[in-house]
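Have a look at it first, and then we can go through what the labels rest on.

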Amino acid sequence: MTDRRSWLLRRLVLGVAQTAGVVVLVFALTEALPGDAAVALAGDAPDPERVERIREVMGLDRPVAERFGEWAAGLVRGDLGVSLVSGRPVTEYLAAGFGPTVLLAGLTMALLVPVAVGLGVLAARREGGRADRVISTVTLGVYAVPEFALGVLLTVVFALWLGWLPPTAVGYGSGLLGHPAVLVLPVLVLLARPVCSVSRLVRAGMIDAMASSYTAQARRYGVAESRIRWTHALPNAAAPAVQQLARTVDWLLGGVVVVEALFVIPGLGTVLMDAVAARDIPVVQGLAVVFGLVTVAVNVGADLVTHDLAPRTGVSA
Amino acid sequence: MDDTTITTGHPGGPARRTVLAAGGVTAAALALAACGGPEGKGAAGGGGDGKPRRGGKLRAAFAGGGANETLDPHLTNLFADAARAKALFDKLADFGSDMSARPRLAERWEPNKTLDRWTVTLREAKWHDGKPVTAEDVLHSYRRIADPDRAFRAKASLEPIDLDDSRARDERTVEFRLKRPYAEFPNVLAAFGAYIVRAGADDAGDFGEPVGSGPFRHVSFTPGRSLLVKRFDGYWDGAPHLDELEFTVADEESARINALLGGQVEYAHELNPTTARAHDGGDRVRIVRLRNSAMQGFVMKTDRAPFDDRRVREAFFLIADRRELVDGALSGAGEIGNDLFGKGYRYYAGNIPQRKRDLERARRLLREAGHGDGLTVTLDTSPVATGFVEAAEIFREQAAEAGVTIEVRVGNADTYWSDTLDSGVLACTRSGTMPIESHISQRLLTDSPTNATKWRHKDFDELYRQAQSTAEESERTALYERMQRRLHTEGGFLVWGFADWIVATAPGVRGVAEDAPANTLDWARFDRVWLA
């Protein structure tokens, strides 16, 4: 148990260090972006006098160190600062975009695990069998399609040709749950690639596990094949898949940017795009920090799960 | 400055667009969608339009500004902002399709003999709560815009007005004192963002549920998502036909056309030429091309080599194959230019013959200018607007035929306009609609704020000044023509085309003006629209 505790402690310390790294990196990278909000706001009419005036109004003329100190101190208090453009707190922006994104990501994760594991186990039943060949071909094929292309394709077929589903979420605002049909295409697009990668990992793990000596031993004891598959082989096969799932969460945060834009869902991805376009740095920084924290937390969680499933693994990520 | 400049959808819009920039895939899929429509071809909607029908709700999709959006009309920046402001508020004047100022809240205007004092009489218009629009409201609005501590877009447009000396003569009469004679003063009243708000309205709270004088009144607003407004029965210009109007935000072009095709909106603003081509003549949507909505060209910096030699500038004018540029960079959605701004606008010198490609003469001019052994020029471009990078590539090929080597340099989209204002020698440029007078005052006078061609000539400044002190219209027209002739011969703007602005509507939408360039009075004018 003490062994587990010290491992846990090391993992958490690493997590905190990663978080601090994220904070510094986010500030440095946003600082390095070419152009500032003043230039972006002035657009195709960059009257130098007006740009300078906007810069002053936004406080962009203050030294970098001063702005970083203020920002980092605010973070510790949970204060992400205020938008350069509107002057409203960044937390308000996050709160506004949070619901739709969590809904999308949550639905995707909830469907991803059973679908991917089911497909992986099914394909592994008989390596090279018909099910395996069909599933492997389809998952490889779908995996190769970028999500925006898939999104456009699905929209054209299911929304514009067949008319079964709404093409976008325009006009539904945050009441997405009240219109579940709107969510079908976005979730399908988000699911497509992770399902492929996770199911392939599960398949490979299952094939290994089913050929291992401990399952052979279980068979000799007369344990039912389905029980061997689900309770003996799957937990071992799942360990690498859990890591992949954690990576999927990172990927989802990026995927929602594309999916939200395609389907007009006002989530965090949209907030990020708008903020980047307007060079609204505090909002970009706030989002980046939150995305970074989520990634660190999810990876700590995944390490904990993997550690329990297959205790030989050390600290990863 | 910056009267009626349009920004391209969003200050950083194209940067956003590039995220999904596998546009080919989108366009191809949409073309498929267009071909695969369930019903057969029929007559495209629109046409005669018939007698307006009252009632119904129209939903319009625009690219927006996200959670930063506000209903403060003085902060208008994007097309979406301008369309929303136009529904809720009014300006004293607005630009007709030829960019001449048309009276709106102002019933009429009258200058004194020296053109430096203007008396503006207001209409009997009402705010949404029934109170009258007064001269005090007008003065408050203009003073707010001109506040030296703020950076409202229309501020520079109002610069000619001496607001301290201007006053309300009575409830409906404002007397504007100007700092100098200004024959084109009505352009100021129509300036982009110069909306009239209620006296006292100033902070965000006043614009949370704005009380305007426009054709629609506020119902609800969620920044970055939607604005819902309803008919204002007391509107001075006649109540709108629609009961309700909802502005929705869809930043991706593909999302806007999909929402239209899927029946989720009835009006989609700002579409690509490829999308328009896929649906032209189809019966699922009606494509409306607003001609002459954006000038496209190259700026040559006339104060530095090689363009400080007018023979080189003329050679470049002669190198351009304008038709090829329009077809290639704008996918044919536009018409060719004659190195002058504002084709078809008031004062446009349409009698100057169209310049044609003449490589032989271009080569001779270059030889005379000492570039007989060839000339290498860097052309700045950036994906800030449709066709910019393509135009640069096409022009490079065209110049090569005249022995000129063009090196295309693709710059950062976010800082492009600032970067190319003072540095470089040759750059892609575009401009939204504005009166020819504004184009000159903002870009072509010695002290113009965005003089990218570095065109600084005392005698040219003098012509402009003279025009602004000339009350007689025909004399003024003659002065504008002299300025344009000079620019056509040796100016720094190589204007190769004018792009269409493309919007699309559901087949049943009527009353959408087809001749109104973007940002003019009849553009996005939903009080004149009805549902058949």
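**What the labels rest on**

Chain A has 12 helices and 0 strands, where helices (H or I, at least four residues) and strands (E, at least two) are DSSP runs numbered from the N terminus. This is a predicted model, in which local features need pLDDT of at least 70 and side-chain atom pairs count only at pLDDT 80 or more, while totals for chains, interfaces and linings use all residues. Residues are numbered from 1 along each chain as its sequence is written, and chains are lettered from A and ligands numbered from 1 in the order in which they are written.

Q: What pattern does chain A follow along the sequence?
A: Chain A reads α-α-α-α-α-α-α-α-α-α-α-α. Its C-alpha trace spans about 85 × 60 × 30 Å along the principal axes.

Q: Why is Ala116(A) called buried?
A: A residue is buried if 20 or more other C-beta atoms lie within 10 Å of its own, exposed if 12 or fewer, and partly exposed in between, with C-beta atoms placed from the backbone. Ala116(A) has 26 C-beta neighbours inside 10 Å, so it counts as buried. Ala116(A) sits in helix H5 (residues 90-125) of chain A. Across chain A, buried residues make up 43% of the 317 residues.

Q: Which residues is Ala116(A) in contact with, leaving aside its neighbours within four places in sequence?
A: They are Val195(A), Val198(A), Ser199(A) and Val202(A); a contact means that the C-beta atoms of two residues, placed from the backbone, lie within 7 Å. Val195(A) is 79 residues from Ala116(A) along the chain, with 5.0 Å between their C-alpha atoms.

Q: What makes H5(A) and H11(A) oblique to each other?
A: H5(A) and helix H11 (residues 268-277) of chain A pack at an angle of about 140°, with their axes 7 Å apart. Axes are lines fitted to C-alpha atoms, for helices over the stretch in contact, and angles run from 0 to 180 degrees between N-to-C directions. Angles under 35 degrees count as roughly parallel, over 145 as roughly antiparallel, 65 to 115 as roughly perpendicular and the rest as oblique. H5(A) and H11(A) are therefore oblique. Among the residues of H5(A) that meet H11(A) are Tyr93(A) and Phe98(A).

Q: How do you know that H13(B) is largely enclosed by the rest of the structure?
A: In helix H13 (residues 436-443) of chain B, 8 of the 8 residues are buried, so the helix is largely enclosed. These buried residues include Ile436(B), His439(B) and Arg443(B). They pack against helix H5 (185-189), strand E18 (426-431), helix H14 (458-468) and helix H15 (473-490) of chain B.

Q: What makes E7(B) and E8(B) a pair?
A: Two strands pair if DSSP finds at least two bridges between them. E7(B) and E8(B) have 5 bridges, in the antiparallel sense, so they pair by that rule. Ala168(B) stands opposite Val174(B) in E8(B), and the two strands form a hairpin with 2 residues between them.

Q: Why are E5 and E7 of chain B called edge strands?
A: An open sheet of 4 strands in chain B has the order E5-E6-E8-E7, with antiparallel pairing. Strand E5 (106-111) and strand E7 (161-170) each pair on one side only. Neighbouring strands of this sheet are turned by 20° against each other on average, direction ignored. E5(B) pairs with strand E6 (residues 117-122) over 5 bridges, and Trp109(B) has Val120(B) in E6(B) as its bridge partner.

Q: How many bridges join E10 and E11 of chain B?
A: Strand E10 (residues 216-222) and strand E11 (residues 226-231) run antiparallel, joined by 6 bridges. In their hairpin, which has 3 residues between the strands, Gly224(B) takes a positive phi near 80°.

Q: What is the pLDDT over residues 1-47 of chain B?
A: The mean pLDDT of chain B is 89, and 91% of its residues reach 70 or more; pLDDT is the predictor's confidence in each residue, from 0 to 100. Over residues 1-47 of chain B, however, the pLDDT is below 50. Where pLDDT is low, the predicted coordinates should not be read in detail.
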